[in-house]
Amino acid sequence: MKILVCISHVPDTTSKINFSDNNTKFDSNGVQFVINPYDEFALTRAMWFKEKQGATVTVATVGNASTEPTLRKALAIGADDAIRVNAEALDGFTVAKELAEVVKNGGYDLVLAGKESIDYNGGMVPAMLAALLDFNFVNACIGLEIEGDKATISREIDGGKEMLEANLPLIIAGQKGLVEEKDLRIPNMRGIMMARQKPLTIVESSNGNTTTSIVSFEKQPAKSACKLVAADNLDELISLLHNEAKVI
Amino acid sequence: MSVLVFAESSEGKYKKTALEVTSYGKKVAEQLGTNLVVLTINSSEATMLYTYGAEKVLTVTNDKLNVFNAKLVANIVKQAAEKESAQVVIIDSNANGLYFAPMVAANLNAGYASNVIALPSETSPFTVKRKTFSNKAFNNTQILTNIKVIALAKNSFGLVENKVSGTTEEFSPVLVESNLVSASIEQTSGKVTIADADIVVSGGRGLKGPENWGMIEELANVLGAATACSKPVSDLGWRPHGEHVGQTGKPVSSNLYIAIGISGAIQHLAGVNSSKVKVVINTDPEAPFFKAADYGIVGDAFDVVPKLIEKLTEFKANNA
């Protein structure tokens, strides 16, 4: 089985989010970049298929050279090789089109990705990739087993879960549940050394036209201070929630 | 020309988000000087959609669509968009909406914007405001294609009545093939889901153990709220994973979020920040949640929550 894991290179959760150039660009100064946490669940599940079922695992991202350390980290965790599509990831649809070329050229049976990236939160790339390739696709996946070319999948629905069955090829957008947080791996020294030798192929962009454009960013407006209510004055809390906030 | 909204129903009944996207779609149609068309599947209740501004309702009735299949629904929406010459297609942000909306965009070769929280600030170029960086910021996105697909964030626009005398039309799209099969669905019935809830009551490690969740459930009951928990609580197995809210758990965008014994780690706040009003109850006045909350009580949950249940029960009885 050939697996492709799509990796997004994102600011660490705890990063301060700032913008530059008159609020038109994300300011990456001093920001630590990581593998998108949702993609890490996907990568970890892929490692399981590699170790237990002999799958090969390729990781891919769309981005400039600054994303390479993130790909190397995925290689250090255990992926076999990496592909970087040399294009700015400005628009989810364009990214999906670039990745569709990677999938076509690589003949992958299974494409794993996170359900969204924690920077742009578009939640669109895996679904668009599936539509472009006409592959089966499951979003918000919380469980995946594969036997031969048959997959058993569970996905989170509002207030429950749904079990699905499909044949490969298949695209999965995963989240926690695909693996648990305790299963996530920190690269060890041997993995890091080996990652340096593993192939990282750079492919040129297939030049899709951008379909959207971010023209500006705004930070969350400063929050007014929390109104403290005394623990023995719950009538006041109820009155504030009823009369001021109007939520009860 | 038209604006097309997909209104999701469950067992023939519209979800609240379906009425929200219809309300929103009506305003977008007004901005563009065109009509609102609402597409529904296996629901005959069109009158409700007229109330929120649907000039035309397209109803698809087919037993093959009783179980949701993203590929089929995405293709039906595409066909409806083409039939109605839709300029803008609007879908909600339920689990199913988020699943198939990007497929509609890819099918129509259209630009897609999710997490949209307001009406377009401009219609030419078509510009929408979206949540980004896990609720830490917003961006203004132009959609550059002729057809635009947007997913409206939950609870961002609300329900706005706009009664029109609409018409209903049967629509019989071609159904595409899919070999992705739904084997079974497990749904926790009788409980308010986090996704649909207006109010969410959430407990953290401060509650000391799963045996103390009775009061959380009771408080949720009084408020008609869903129950949720922080990540450590679900990791410890005190509560099911499905209740974990926060960055890697479920996002919450309720009207009211009550955090009890939750310190407010950045990952937790990222997931609950888009709730409109946040209340925190915590013994530690230095807990980071106090910086994110609107109202706070410094106090012991074991002392405050039972009293709050009592007071709220009284309040509800007087305001019924």
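In the predicted model, six strands form an open sheet in the order β15(A)-β18(B)-β17(B)-β16(B)-β14(B)-β15(B), and the pairing is parallel. Because β15 of chain A and β15 (226-229) of chain B each have a single partner strand, these two strands stand at the edges, and one side of each is left without a neighbour in the sheet.

The contact between the chains takes 64 residues from chain A and 74 residues from chain B. On the side of chain B that touches chain A, α4(B) gives the most, with 8 residues, and the residues of that side divide into 37 nonpolar, 27 polar and 10 charged.

Two packed helices are described by the angle between their axes and the distance between the axes. For helix α4 (residues 125-133) of chain A and helix α4 (residues 95-107) of chain B, the axes come within 8 Å and cross at roughly 45°, which means that α4(A) is oblique to α4(B). The crossing in which α4(A) passes α4(B) is right-handed. From α4(A), the residues Ala127(A), Met128(A), Ala130(A), Ala131(A) and Leu132(A) meet Tyr99(B), Pro102(B), Met103(B), Ala105(B), Ala106(B) and Asn107(B) of α4(B). By class, this contact of α4(A) with α4(B) has 10 nonpolar residues and 1 polar residue, with no charged residues.

Within chain A, strand β9 (residues 136-147) is joined to two strands, β10(A) and β12(A). The strands β9(A) and β10 (residues 150-157) of chain A run antiparallel and are joined by 6 bridges, with Cys141(A) standing opposite Arg155(A) in β10(A). These two strands form a hairpin with 2 residues between them, and Gly148(A) in the turn has a positive phi of about 60°. By contrast, β9(A) runs parallel to strand β12 (residues 170-174) of chain A, to which 4 bridges join it; in β12(A), Leu170(A) is the bridge partner of Asn136(A).

Note on methods:
Residues numbered from 1 in each chain as written. Chains lettered and ligands numbered in written order. Predicted model: local features only at pLDDT ≥ 70, side-chain atom pairs only at ≥ 80, totals over all residues. Pairing = 2+ DSSP bridges. Axes fitted to C-alpha atoms, helices over the stretch in contact; angles between N-to-C directions. Parallel < 35°, antiparallel > 145°, perpendicular 65-115°, else oblique. Left-handed = near helix turned anticlockwise from the far one by under 90°. Contact = placed C-beta atoms within 7 Å. Nonpolar A, V, L, I, M, F, W, Y, C, P; charged D, E, K, R; others polar.
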